[in-house]
Amino acid sequence: MSGSPAVRVSIESSCERQVQEVSLDGVETYVPPLSMSQNLAKLAQRIDFGQGSDSDEEDLNGESRESEWSKQNPDEEGPVKFQPCLWPWDSVRNNLRSALTEMCVLHDVLSIVKEKKYMALDPVSQDPTVAKAPQVFQLISKKKSLATAAQVLLKGAEKLSKSVAESQEQRRQRDFNAELLHLRSQWKLRKVGDKILGDLSYRSAGSLFTHHGTFEVIKNTDIDLDKKIPDDYCPLNVQIPSDLEGSAYIKVSIQKQAPDIGDLGTVNLFRRQPKARPGAQAWHSKLEAAQNVLLCKEIFAQLSREAVQIKSHIPHIVVKNQIISQPFPGLQLSISLCHSSVEKKNQRTSPDKTKPDDHLYVLEHNLHQLIREFHKQTLSSSVMPHPASVPFGPKRLRLAGPMAYDKAEISSLQPSDGLLEKIIKQAKHIFLRSRTARTIDCLASRIEDPQIQAHWSNINDVYESSVKVLITSQGYEQICKSIQLQLNIGVEQIRVVHRDGRVITLSHQEQELQDFLLSQMSQHQVHAVQQLAKVMGWHVLSFSNHVGLGAIESIGNASAITVASPNGEYAISVRNGPESGCKVLVQFPRCQAKDLPKSDVLQDGKWSHLRGPYKEVHWSRMEGRNFVYKMELLMAALTPCP
Amino acid sequence: MGVTCVCQVPVAEGKSVQQTVDQLHKKLEQLGGVKQGSFFVDCETYHTTGNASGQPSKLLYVMHNSETPLSCLALYEGGPYLTADANFDVLMVKLKSHFQNAKGHKVESRGARYRYCDFLVKLGTVTMSSSARGISVEVEYCACVVPGDCWNLMKEFMQSFLGSNAPEIPSVFTSKPEGLFAPADCMDTMSQYLELFSKVRKQQVLPGSSVR
């Protein structure tokens, strides 16, 4: 019906809660809704435990009821069967009922059993055979299970140990390889077949020695890594040729000539093995020692070859491991190769300490240097490149033609001396130098009055050294410095250059040098008087370095000087000789001489002031610590104060 | 290396070349000289061939000196000089087509070598095709390389044993620039020898021409 006014319809929800009361002002108070537990309690009260689905009576009742209801109301079967509000609690109720039933039965049984009239408790007997058989069975089954478990574990352990062993083996191999790499960085190695060989000779450095110098590298990896590794363990070992084992050195020594030559060739003194450097591998020190032995052998072979080939005045003797030559008469230079293998070390160390060590280490070192220089020469890179038209040779020699070198220059370019000659020359020089030093020191310590000073030059050559010898008097060094000698010690001779320009050549005899120095010392005294006279104002009347009068000296010549006092009244005459010593005479004026006969010839008194007789001075009783001091005092005494 | 002066000593009257040389030897030994072996200097002549006609062929002189045993010196007269290795002789053989060896013109001087302190004196007999033609005296003062400084000393020394035959200062030294440091070298020696040998060769022409 459109057109009619809309009808307002109000809908209100039905009140779910009951109204408890309505207050006077119209406010409605509702009944509070039931909480969960309250609701549960309400539902539980509805359960009728009397109504059970498993009791027979009830079943019958139920059945009858059911049959009634089925007749009456076939539509209401569904709700009557299910009873939806009681269904969640149905099982609970049934279980509780059955439990109650069981508990009642148990209670009844127990009470009946307690009375022991109608029921009694009787234990059940156990069959022993049935009990034992399961134990053995259990054992066997346990054993089997344990065995399988053990097998599994063993398999696992085997795998583990295999892997550990493999890693160890790898590590050993890695160690060996690392060590081999280290070895290769320092020594030449090459692989021949399945062996690793190395070369420790000097052939690649220019040596012409024919020893092969091959060593072999051996693996040393069969060591058990589980046990403690020894401190000096090295995964690789080297095997050196048997003749290079041990250590060797070349001993060069100078001795007085031995009267008997019976025990030549038996020089076998060893020095103690040098301690291996910490941190150096065993193979390193072994290879170094072997290389040193090889070098010593080469040096000795070269020396003995030259000793046999080169002709000299006195032939060199080569016996076993020793070369003996005579640099100076009465002296013997012996060069010997001392090679000790490791086993014999213990036996030979004792005689070392008794014999003095006259080993000239400098010459041993020089021998090593010389042979290395020789190696360098054969390998010299100045040979290549060279013009096609010129034969092989050092570059400077090639230039000798176009630069018109004369013979002296050409001979300086060519190597002339062999190794042996060089070493003999060096030994001679060393010996001469030490003997010169000894002579000068002996003289210096023996004679105090003119002091002898030696200033050795720091810069010297293998064949030449020099020393400056000054003869001075103590306290008068500035005045009396006329004797200054420069000694150039060569290989066989000593050349003396005097301050006044004279050049004297002395031979190697030490007596010559000693005599010469003594004569210079005696000359010095007279020179000192001359200088002193200048200082004191005395006049030199005569001076002679070599007087021809008086006793003949066996060493050098005597020198003499006469000086006169400033006023001419006195004169001092000095004669000094190396052997005869010094003689000092003073000339007095005639007036002071008491025993002069008066003569009629001299009429004027002035003639008595002339100098007259001589009187000798007891020089040893003079005061003063040395000759010049005494002379100064004498001069001072003879110069009267004004 | 030092300053060298080469001069010719005329043969003494009535004596042969050998006797004059012996006389000089004696004089030197009396002076105090020490004999130190022998020396020789020789000179070969090569003609250049195949150059433009009308021009006289230049002569190349190849000389050797025992003082410089590994060298060979080649000189053109007054022209450029060359100091070479000993293989230069082989080279000349290979250059046969351009340089012809005049075999008859080879001159050499052989004799004894004396040393007296810093002086080296070489007395030699100049021979050409094995006939003695003259006497050459070479004096070297080893301590100096500048000719102007030591000429007076050398002259005095030469006068002491050559007497009046001592020469004047050689032209090679006078032609050196004055004031500059111009050291003497082996080429000066060889050019002096070349002059001497040329003189000796020319000398031969005069007596020979009278024979012809």
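The following dialogue goes through parts of a predicted model and asks what its labels rest on.

Trainee: How many helices and strands does chain A have, and what share of its residues is buried?
Mentor: The secondary structure of chain A comes to 13 helices and 20 strands. Of its 642 residues, 32% count as buried. Among contacts in chain A between residues at least 6 apart in sequence, 57% join residues at least 24 apart.

Trainee: Why is the pair of A:Trp619 and A:Phe627 called tilted?
Mentor: Two values settle it. The ring centres are 5.4 Å apart, and the cut-off for a pair is 6.5 Å. The planes stand at 55°; stacked needs under 30 degrees and edge-to-face over 60, so what remains is tilted.

Trainee: What makes A:Trp619 and A:Phe627 count as buried?
Mentor: A:Trp619 has 10% relative accessibility and A:Phe627 has 2%. Buried means under 20%, so both qualify.

Trainee: A:Phe328 has another contact, with A:His508. Why is A:His508 called buried?
Mentor: Its relative accessible area is 19%, and buried means under 20%, so A:His508 is buried. A:His508 is in the loop between strand S15 (503-506) and H12 of chain A. Leaving aside neighbours within four places in sequence, A:His508 is in contact with A:Phe328, A:Pro329, A:Leu432, A:Arg435 and A:Glu492.

Trainee: What makes A:Leu360 partly exposed?
Mentor: Its relative accessibility is 22%. Buried would need under 20% and exposed over 50%, so A:Leu360 falls in between. A:Leu360 lies in the loop between helix H7 (345-352) and helix H8 (361-378) of chain A. Not counting residues up to four places away, A:Leu360 touches A:Val252, A:Ile254 and A:Ile430. A:Leu360 and A:Ser253 are 107 residues apart in sequence, with their C-alpha atoms 5.6 Å apart in space.

Trainee: How do you know that both faces of S17(A) are covered?
Mentor: On one side A:Ser559, A:Ile561 and A:Val563 are buried; on the other, A:Ala560, A:Thr562 and A:Ala564 are buried.

Trainee: Which strands does S17(A) pair with, and in what sense?
Mentor: Strand S16 (residues 539-544) pairs with S17(A) in the antiparallel sense over five bridges, and A:Ser544 stands opposite A:Ala560. Strand S18 (residues 571-577) also pairs with S17(A) in the antiparallel sense, over six bridges, with A:Ala564 opposite A:Ala571. S17(A) and S18(A) form a hairpin with six residues between them, and A:Gly568 in the turn has a positive phi of about 80°.

Trainee: Why are the buried residues of H13(A) said to be on the same side?
Mentor: In H13(A), A:Phe627, A:Val628, A:Lys630, A:Met631, A:Leu634, A:Met635 and A:Leu638 are buried. They cover an arc of only 160° around the axis, so they are on the same side of H13(A). Among the elements that cover them are strand S12 (465-473), helix H12 (510-536), S17 and S18 of chain A.

Trainee: How does the span of H13(A) compare with the expected span?
Mentor: Helix H13 (residues 627-638) has 12 residues and reaches 16 Å from its first C-alpha to its last, close to the 16 Å expected at 1.5 Å a residue.

Conventions. Residues numbered from 1 in each chain as written. Chains lettered and ligands numbered in written order. Predicted model: local features only at pLDDT ≥ 70, side-chain atom pairs only at ≥ 80, totals over all residues. Heavy atoms only, no water. Phe/Tyr/Trp six-rings, centres within 6.5 Å; stacked < 30°, edge-to-face > 60°. Buried < 20%, exposed > 50% of the residue type's maximum accessible area, 1.4 Å probe, protein only. Helix = DSSP H or I, 4+ residues; strand = E, 2+ residues; numbered from the N terminus. Contact = heavy atoms within 4.5 Å. Pairing = 2+ DSSP bridges. Expected span 1.5 Å × (residues − 1). Arc of directions from axis to C-beta.
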